[in-house]
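Q: Could you walk me through this one slowly?

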Amino acid sequence: MKENKDFYVGYIDSVAPKTKKTIKGFVLAAFAILLAIAAIFAFTQNTAKNSYFEFGVDTKITGIYHELPYPMLQVKTEENEYRNIVLLGFGKFSANPYLKKIRNTTKPLSGSTLSIEGNLIYYNGKTLIQITDEEKVVLVTPSDAAKIPQPIAMVQDMELQGEIIDPKCYFGVMKPGKGKIHRSCAVLCISGGIPPVLATTDENNISKYYLITDTNGAPIHQDILPFVGKPSVIQGDVYQLQDWYQLRIDVSDIQDLNQPSTIY
Amino acid sequence: MGLDYQTVLWNSHKKKYDLWIAIGVFLYLLTFIGITILTNPETTAETLIIRAFGTLAIALLHIVLLIGPLSRLNSRFLPLLYNRRHLGVSMFLAALIHGAFSIIQFHTLGNTNAFYALFTSNLEYDSLTNFPFQVLGFFALIILFLMAATSHDFWLKNLSPKIWKGLHMMVYVAYAFVLLHVFLGALQQQPSLWSISILSIGFIVIASLHLKAALQESKIDKQTAIKVEDGWEFVCTVDEIPEDRAKIFIVQKERIAIFKYENKLSAISNVCKHQGGPLGEGKVIDGCVTCPWHGYQYLPANGQSPPPFTEKIATYRLKKIANEIYVHPEGLAEGTAIEPIAL
Ligand code: HEM
Ligand code: FES
């Protein structure tokens with residue numbers, strides 16, 4: 001009979017005591033392993049940034065529409081203080097499809113005053129807005145060419161090191177919104193018309209952001225995709241428009257550093 | 001008997017195991033989400049879900065992979081093997097939540113199809129630093145899906161045990177893909193000695209337990225008859241086999257099991273028709289050889305499952321000279337009746 005004790009048949013409702021003990025030991029060990037793995041993976045995550053995406057909350061902004069060369073709205077915050085809010089579409093798309101309707105009603109669009117309702121995205125002094133409905137883009141006053149803000153040339157042939165990010169995710173929609181984990185998403189966003197932005201960080205951990213354009217200041221999307229989400233060195237001419245820099249580059253000048261992205 | 005595969009066998013053991021799985025999953029999520037919310041409050045809900053379920057899946061995968069070799073090395077672990085299916089399916093579900101949320105978050109709402117984007121949004125398949133790690137997770141998830149979808153005995157029957165077994169051995173391929181997915185993905189962006197160590201230790205433990213179990217089995221396979229008389233091979237003496245149990249022996253590279261029961265001796269193939277469990281490690285219960293893995297039964301005298309079941313395995317002829325048992329290495333057709341040797 002002693003041999004019988006340790007034979008387990010799943011559909012017979014009795015388990016020998018020694019077997020029971022072994023199983024109990026295993027279950028306890030398994031729980032310990034589970035909790036250790038949970039703790040290790042939870043504690044070793046990088047700290048997420050305090051960026052915001054006001055999903056589901058509509059905010060109305062009013063200002064001068066212009067293109068840098070990406071759609072923007074210049075909003076006056078105080079006397080002689082402006083914030084240029086980057087306009088974005090829903091999902092991984094630019095604002096352009098949502099501006100089609102208003103473009104048909106008033107020409108040109110640049111220089112006109114618009115009021116736009118959408119979801120704000122903000123971090124580190126920069127603000128963006130997601131437009132989800134073309135009806136929420138309303139004309140306040142028609143175009144006045146004199147009101148279009150012009151970028152000022154700052155430095156020629158400047159060399160900058162950083163990562164090309166998609167600003168929608170980086171400034172609030174996703175955490176992490178940069179680096180290897182996020183790379184495929186950034187590629188899709190930029191391919192969908194969201195402006196490519198170079199994010200740099202200096203030794204004091206201060207970040208600067210540059211909207212990337214071609215050497216003539218026209219938008220780039222497809223050509224820059226192989227360099228998105230990776231540490232790179234870029235050369236170009238820097239322009240400034242109030243709270244934003246613009247970097248005019250030749251894509252063939254981008255140098256892939258072939259390093260894992262560790263700046264978070 | 002075999003198991004009636006059309007009805008799921010819900011017995012009290014299965015329910016108890018399922019309860020423990022549920023408790024384990026709950027505690028895992030509570031720990032991961034709790035620590036994250038306390039130490040990293042700015043995280044987003046999507047990232048929290050993706051990470052909680054991704055790491056849960058890899059943790060459960062380790063436990064699933066431990067059960068196989070442990071129950072080969074020590075039969076007291078066999079009840080875990082019997083109930084392993086639901087653990088495997090739970091692991092797949094966790095991986096599915098992780099994969100689905102990742103695909104939705106990173107690949108939908110764009111200007112191409114999400115699955116096309118998964119493969120093409122990063123094309124640096126020739127680089128280690130930039131490798132599209134999500135693709136590796138995708139292939140692992142497909143394998144886990146096929147395994148979970150075919151885990152029921154219905155599929156075992158319909159796919160044939162050989163194909164089924166081959167499919168389920170792919171879990172090791174999935175494990176390799178998942179490790180690469182993590183080492184080339186998240187661990188590059190947030191490297192930590194702790195997470196690298198735990199995954200490496202997990203790999204070493206799983207690999208060495210499998211090696212140990214394989215060594216033990218190959219020892220059995222290397223046995224050769226020490227005496228051959230007229231083509232009959234000497235196995236052992238009668239008293240070397242305990243009552244209702246068997247001695248496993250190798251003839252012509254096939255494992256067979258010689259059972260002693262009710263003062264009789266019979267020899268049958270050692271390989272269970274269900275999933276190839278070792279019948280020789282089973283026991284005779286109610287006159288039937290009972291497989292230690294999931295309890296399929298066979299009559300020792302003819303290798304047939306008792307009606308209404310229809311499984312059949314090969315039988316082998318025995319001869320007793322004085323106290324010594326001899327076997328004829330040529331197996332008979334599956335289900336052939338042989339008069340047992342009376343003791
Ligand atoms: C379609 C399939 C899959 C996709 C698209 C996918 C995607 C991802 C992504 C994007 C990350 C990084 C997430 C982050 O850290 O924020 C990640 C990490 C991870 N994945 Fe997957 N994965 C898939 C399948 C799997 C499978 C099948 C497993 C395991 C069984 C798995 C286990 C993990 C683990 C452990 C991590 C690291 C922890 C974490 O960051 O979540 N993944 N995966
Ligand atoms: S009962 Fe499943 S392998 Fe024998």
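**Ligand, chains and domains**

A: α2 (45-73), α4 (84-107), α6 (133-149) and α9 (171-183) of chain B each give at least two residues to the shell around ligand 1, where helices (H or I, at least four residues) and strands (E, at least two) are DSSP runs numbered from the N terminus. Please keep in mind that this is a predicted model, in which local features need pLDDT of at least 70 and side-chain atom pairs count only at pLDDT 80 or more, while totals for chains, interfaces and linings use all residues. Residues are numbered from 1 along each chain as its sequence is written, and chains are lettered from A and ligands numbered from 1 in the order in which they are written.

Q: Which element gives the most to the shell around ligand 1?
A: That is α2(B), which contributes 8 residues to the shell.

Q: And where does ligand 1 lie?
A: Ligand 1 sits between chains A and B. There are 27 residues around ligand 1, and those that come nearest are B:G54, B:A57, B:G99, B:S102 and B:G137; a residue is near a molecule or strand if its C-beta atom, placed from the backbone, lies within 6 Å of it.

Q: How do the residues of that shell divide by class?
A: The shell around ligand 1 has 16 nonpolar, 10 polar and 1 charged residues. Here Ala, Val, Leu, Ile, Met, Phe, Trp, Tyr, Cys and Pro count as nonpolar, Asp, Glu, Lys and Arg as charged, and the others, Gly among them, as polar.

Q: What domains is chain A given?
A: The assignment for chain A gives domain 1 (52-147) and domain 2 (152-256), and such bounds come from an automatic or database domain assignment. The C-alpha centres of these two domains of chain A lie 21 Å apart, and their contact takes 21 residues from domain 1 of chain A and 23 residues from domain 2 of chain A. On the side of domain 1 of chain A that touches domain 2 of chain A, β4(A) gives the most, with 5 residues.

Q: And how is chain B divided?
A: Chain B is divided into domain 1 (12-220) and domain 2 (228-342), whose centres, taken over C-alpha atoms, are separated by 38 Å. The contact between them takes 8 residues from domain 1 of chain B and 8 residues from domain 2 of chain B. For the side of domain 1 of chain B that touches domain 2 of chain B, the elements that give two or more residues are α3 (78-82) and α8 (161-169) of chain B, and α3(B) provides the largest share, 3 residues.

Q: Switching to strands, in what order do the 3 strands of the open sheet in chain B come?
A: The order is β6-β7-β8 in chain B, with antiparallel pairing, and two strands pair if DSSP finds at least two bridges between them. The edge strands, each pairing on one side only, are β6 (283-285) and β8 (297-298) of chain B.

Q: How many bridges join β6(B) to β7 of chain B?
A: 3 bridges join β6(B) to β7 (residues 288-290) of chain B, and B:V284 stands opposite B:V289 in β7(B).

Notes
Two residues are in contact if their C-beta atoms, placed from the backbone, lie within 7 Å.
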